[in-house]
Amino acid sequence: MSLSQASIVRTAQVWPKWLPKAVVQAESRIIAPQTALSTSRTPLPPAVFSASFRSLLSQPADSPPTCWASKASPFSFLSQQQVRTISSSARRSRVTPPPPAAPTKPPHLESNLAQSSQSPIWIAPSDVSTRPVTVVGAGVLGRRLAMMWASTGRPVNLYDLSPKALESAAVYIADNLGSFCASHNTHPGHVHLTTDLIDATTNAWMVIEAVPEDLEVKVSVLGRLDRITRKDCLLTTNSSSYSSRELSSEVAGRYRLLNTLYYIPPENVSVELMSCGYTAPEIFKFLKGEMEQVGLAPKIAGSESMGMILPRLWAAMKRETLCMLQEGVAKPEDVDELFRDFFNAKKGPCEKMDEIGLDTVAAVEKHYLSDAQVRLLGSDHLRWLEENYVEKGKLGKKTGEGLIMKKIQKPKVTKDEKSGQEVWKEHSVDLSGL
């Protein structure tokens, strides 16, 4: 049966007798004015199913289409009464829609996955004591990670695009690395600061991505790291809200990619490890042993989870805290005092958010709100945080002002005090030469 014949059969079975004529009349009213205005010589295509309906106009009211009488028709053995019975039952039956198609992966993920499946099995590097650990990002966390990994004599490369960030990181490492090693009876390793990513990743056995919590930035950075590092080099992301699977679209060697979520070392030594779904299983045992040698306490997530382990608990806590502050239920100082008293904790949630950085807190919460279940909670607290703190540059510890941290205002000098100071400067004696 041809396609047009099948269309006629379908039409005769389903539609009532008066519909074909009505459809053809409606079609002529629609096409006529378009044809008059058209300058093209090619006729406009007929309306959907109109060809089938027009073919039925020449049929007697109760007779089936002529195609049914052809020798090739599969309905030739049926009488007209049987056809009408089948047509009636077809109209009475309920047509169930087909089940939805299973979701497919993006094309770029499939192509990369094919490359990943052909990648060689990961073999643990045997010279990790001489090959450097590279930290990408010299911010609040990156400089601390560099200090921790250098605290047992290991070489560390710290990379950042900003020379000012590297200068600030150098001051922090110089002030803390020696004392940390002295308290743990270890010897410091060499920390190399650079703005050249190729220089930073040369011969590295592990790269720790610690850039801001921005999806596009992290995806781009990890993709470039995958292209320029050795095949046995571990690619780790410190993201607390994005799983390494979400960041893997530009990574061909996914067998060496995973989440390593650090907190605020050296005060907090716990680290969470989570697979991207394709991570070589032997990596976890190897990396756990290396981290324990540095004084870290790794915990391995049993399955992929948005937010991993502690961040899921922390997300609920900080969300409720921000909601209370936004609604005027409590002040930041009261929230922290109650928290410290009940949990016997050193710090409360507001102080902890100041320490992390309120811009980071806002970025992470924005990603969580992209989830359908979390979106039901509303976003007023996020908008309040951005308008009252982030957009005003009050980011917490990194800027000296946040939820708990207040700018220390210099005491105003009275007129009498100022005149007294001027008299003292006038009569003071320079004793530097004695």
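**Close-up views of a predicted model**

**View 1. Helix 11 meets helix 14.** The axes of helix 11 (residues 310–327) and helix 14 (residues 358–368) come within 11 Å and cross at roughly 105 degrees. Axes here are lines fitted to C-alpha atoms, for helices over the stretch in contact, with angles running from 0 to 180 degrees between N-to-C directions. Helix 11 and helix 14 therefore sit roughly perpendicular to each other (65 to 115 degrees counts as roughly perpendicular, under 35 as roughly parallel, over 145 as roughly antiparallel, and the rest as oblique). On the helix 11 side, the contact uses Pro311, Arg312, Ala315, Lys318, Arg319 and Leu322; helix 14 brings Val361, Val364, Glu365 and Tyr368. Contact means heavy atoms within 4.5 Å. Sorted by class, the residues in this contact are six nonpolar, no polar and four charged. For that sorting, Ala, Val, Leu, Ile, Met, Phe, Trp, Tyr, Cys and Pro are nonpolar, Asp, Glu, Lys and Arg are charged, and the others, Gly among them, are polar.

A quick word on the model: it is predicted, so local features need pLDDT of at least 70 and side-chain atom pairs count only at pLDDT 80 or more, while totals for chains, interfaces and linings use all residues. Residues are numbered from 1 along each chain as its sequence is written, and side-chain values use heavy atoms, with hydrogens and water left out.

View 2. Of the 434 residues, 39% are buried. Buried means under 20% relative accessible area, exposed means over 50%, and partly exposed is in between (1.4 Å probe, protein chains only). Take the contacts between residues at least 6 apart in sequence: 68% of them join residues at least 24 apart.

**View 3. Methionine 353 and its neighbours.** Methionine 353 belongs to helix 13 (residues 349–356). With a relative accessible area of 0%, methionine 353 is buried. Leaving aside neighbours within four places in sequence, methionine 353 is in contact with Trp314, Lys318, Thr321, Leu322, Leu358, Val361 and Leu403. Leucine 395 is 42 residues away along the chain, yet its C-alpha atom and that of methionine 353 are separated by 9.1 Å.

**View 4. Asparagine 259 in strand 6.** Asparagine 259 is found in strand 6 and is buried, at 0% relative accessible area. Not counting residues up to four places away in sequence, asparagine 259 touches Thr237, Ser239, Tyr242, Ser243, Ser244, Glu272, Leu273, Met274 and Met308. Look for serine 244 in particular: 15 residues separate it from asparagine 259 in sequence, and 5.6 Å in space, C-alpha to C-alpha.

**View 5. Arginine 256 pairs with aspartate 226.** Side chains of opposite charge can pair when their charged atoms come close. Here arginine 256 forms a salt bridge with aspartate 226, and the closest N and O atoms are 3.1 Å apart. Arginine 256 lies in the loop between strand 5 (234–237) and strand 6 (257–262), and aspartate 226 in helix 9 (residues 215–228), so the pair ties together parts that are 30 residues apart in sequence. Both count as buried, arginine 256 at 0% relative accessibility and aspartate 226 at 5%. A salt bridge is a side-chain nitrogen of Lys or Arg within 4 Å of a carboxyl oxygen of Asp or Glu.

**View 6. Some other salt bridges.** The whole structure has 17 salt bridges. In one of them, glutamate 213 meets lysine 218 at 3.6 Å, N to O; glutamate 213 is buried at 15% relative accessibility, and lysine 218 is buried at 1%. Glutamate 355 and lysine 347 pair at 2.4 Å, N to O. Glutamate 355 is buried at 12%, whereas lysine 347 is partly exposed at 29%. Salt bridges that share partners also join Asp127, Arg131, Arg230 and Asp232 into one network.

View 7. The peptide bond from proline 265 to proline 266 is cis, with omega near 5 degrees, and proline 266 lies in the loop between strand 6 and strand 7 (270–275). Asparagine 185 has a positive phi, near 55 degrees, without being a glycine. It is found in the loop between helix 7 (163–184) and strand 3 (191–194) and is exposed, at 73% relative accessibility. Asparagine 344 also has a positive phi of about 55 degrees; this residue is in the loop between helix 12 (332–343) and helix 13 and is exposed at 71%.

How values were computed:
Helices (H or I, at least four residues) and strands (E, at least two) are DSSP runs, numbered from the N terminus.
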